[in-house]
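Have a look at the model first.

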Amino acid sequence: MAVSIARRPAAGARFFILTFLTAFIFHHSVAETSTGASASQEQPHRRFEYKYSFKGPHLSQNDGSIPFWIHTGNAIPSADQVRITPSLRSQRGSVWTKNKVEFEHWEAEVTFRVSGRGRMGADGLAVWFTSAQGLDGPVYGAADQWNGVGVFFDSFDNDGKKNNPAIIVVGNNGNLVYDHQNDGTTQALGTCLRDFRNKPYPIRAKITYYKQTLTVMINNGFTPDKEDYEFCTKVDNMIIPKEGFFGISAATGGLADDHDVLSFLLFRLTEPGQQPPPVESEIPKEEKDKYQEEFQNFQQELDKKKEEFQKEHPDVQGEPIEDLYESVNDREIRQVFEGQNRIHLEIKQLNRQLAMILDEQRRYVSVITDEIAKKGTNAESGQVEPASQQLGSVIATQQEVLKNLNDLRNSFFESLKQIGSVQHQGNAGGMGSYETIQHFNDIKEHLHVVKRDMEHLVQRNAQNPGDKVVKCPEMPAMPSCLSTVHFAIFVVIQSVLFFCYIMYKSQQEAAAKKFF
């Protein structure tokens with residue numbers, strides 16, 4: 001009798017050690033997979049190409065031209081941006097690089113604003129890479145039947161399917177006529193629905209062409225974080241001309257928007273292991289000396305103008321301070337957008353928490369399934385383990401899931417409080433419009449639905465956890481064949497293997513840190 005009592009704690013300890021080792025190996029395997037994936041997919045080398053880029057604050061020169069770029073149509077360059085088309089009807093404009101791009105892989109970052117007074121806009125904006133400059137035409141202000149690729153930011157719903165604003169990728173070999181009536185959906189290689197009109201912050205688009213794969217990433221304009229990109233679309237096995245021109249065009253129709261491009265930054269991508277050509281080898285010495293001389297002359301003229309201004313205006317100290325205070329309307333709009341930004345970030349955090357909970361549930365289910373299979377095998381061979389350990393593990397798992405769901409529900413409550421506070425501020429100020437209030441009511445209603453679903457899930461999982469004990473199969477009353485000596489030897493072997501694995505992982509992590 002004493003032997004059987006001693007064997008039960010031994011079997012329980014063996015089950016606990018197996019569970020701990022399984023969880024530990026699972027977490028380390030996930031870490032190894034992510035580390036291996038990041039190591040195998042090395043990022044290409046990026047080099048900024050100033051001859052194919054523009055940005056403020058000194059974007060245009062005194063004569064209205066853009067260095068290394070040409071503008072046509074109704075495009076209006078200024079110091080901080082290029083207005084491709086103003087908010088007038090039937091306008092077309094574009095900007096194109098003067099020189100051809102001769103490198104194979106590239107990445108373009110475009111920052112722009114599309115703003116208008118109407119609920120709908122027209123027609124849209126396009127980013128081009130074509131073998132020839134499409135200075136004027138019917139496709140968003142550029143030429144049709146192009147040879148290359150165009151990324152279209154379409155804001156007008158031509159086909160009436162309520163699928164705009166949208167971002168569409170269309171390729172052409174020079175023979176295809178763009179399908180305006182269907183918004184290019186019959187010719188689209190990739191598309192995603194994104195509303196890029198009238199956003200509080202500029203829209204940022206990152207277009208990458210690397211190893212015959214075109215990827216479009218979008219920053220939605222609700223956050224000042226410049227690196228908060230979301231995946232839009234990807235086109236594999238895409239072949240475009242090796243040499244071509246970059247361009248940005250826009251057009252308006254019966255409706256009109258302001259299409260403003262704040263910056264266009266181009267980067268050359270080089271595969272890992274390949275040394276990119278030095279910058280000095282691409283600029284002739286005569287041209288370099290010429291630019292240096294022009295810069296020095298410009299600097300001298302600027303210093304002279306500063307001295308003359310200080311002599312004529314001795315009372316002015318430095319630059320004038322513009323608009324230190326914000327109006328009530330500006331403050332209310334800023335608070336509304338900040339509240340929406342917090343809601344957006346909170347929902348993203350909740351999405352990550354739900355993904356973690358699902359991963360934990362899958363892991364626990366797999367561990368319990370394996371243990372039940374092992375117990376069935378042991379039962380057939382004459383070895384039986386008590387069911388109390390298994391039931392305790394299941395109950396502990398359910399309690400952990402309930403805790404995570406309660407944290408999730410508390411996060412939703414915080415979101416509801418933030419929405420209520422922002423909406424109360426908008427109503428108290430008297431400046432909020434009916435559309436803003438309706439928008440907040442819709443968000444609040446959706447969050448209440450999610451809250452009710454979460455409470456229903458918590459109540460269903462919290463109803464008498466002891467009921468699940470009845471559903472478990474009864475173990476046959478057979479004595480265990482494992483002796484105390486065998487169990488001690490098994491524990492020692494597992495401990496030695498565990499410490500060897502820890503030392504091996506420590507060495508691997510120390511070796512991996514040398515590369516960072």
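What follows covers the salt bridges and then a nonpolar patch.

This is a predicted model, where local features need pLDDT of at least 70, side-chain atom pairs count only at pLDDT 80 or more, and totals for chains, interfaces and linings use all residues. Residues are numbered from 1 along each chain as its sequence is written, and side-chain values use heavy atoms, with hydrogens and water left out.

**Salt bridges**
- A search of the whole structure turns up 13 salt bridges (a side-chain nitrogen of Lys or Arg within 4 Å of a carboxyl oxygen of Asp or Glu).
- Arg 83 and Asp 260 pair up at 2.7 Å, N to O; Arg 83 sits in strand β5 and Asp 260 in strand β16, 177 residues apart (strands are DSSP runs of E, at least two residues, and helices are runs of H or I, at least four, numbered from the N terminus).
- Asp 260 is buried at 4% relative accessibility, while Arg 83 is partly exposed at 27% (buried is under 20% relative accessible area, exposed over 50%, partly exposed in between, with a 1.4 Å probe and protein chains only).
- Lys 348 and Asp 228 meet at 3.0 Å, N to O, tying helix α3 to the loop between β13 and β14.
- Arg 46, Glu 107 and Glu 109 form a salt-bridge network.

**Nonpolar patch**
- Val 485, Ile 489, Ile 493 and Leu 497 make a nonpolar surface patch of about 400 Å² (residues with over 30% relative accessible area and no salt bridge, nonpolar side chains joined within 5 Å, like charges within 9 Å; areas by Shrake-Rupley with a 1.4 Å probe).
- Leu 497 lies in helix α7 and is exposed at 56%.
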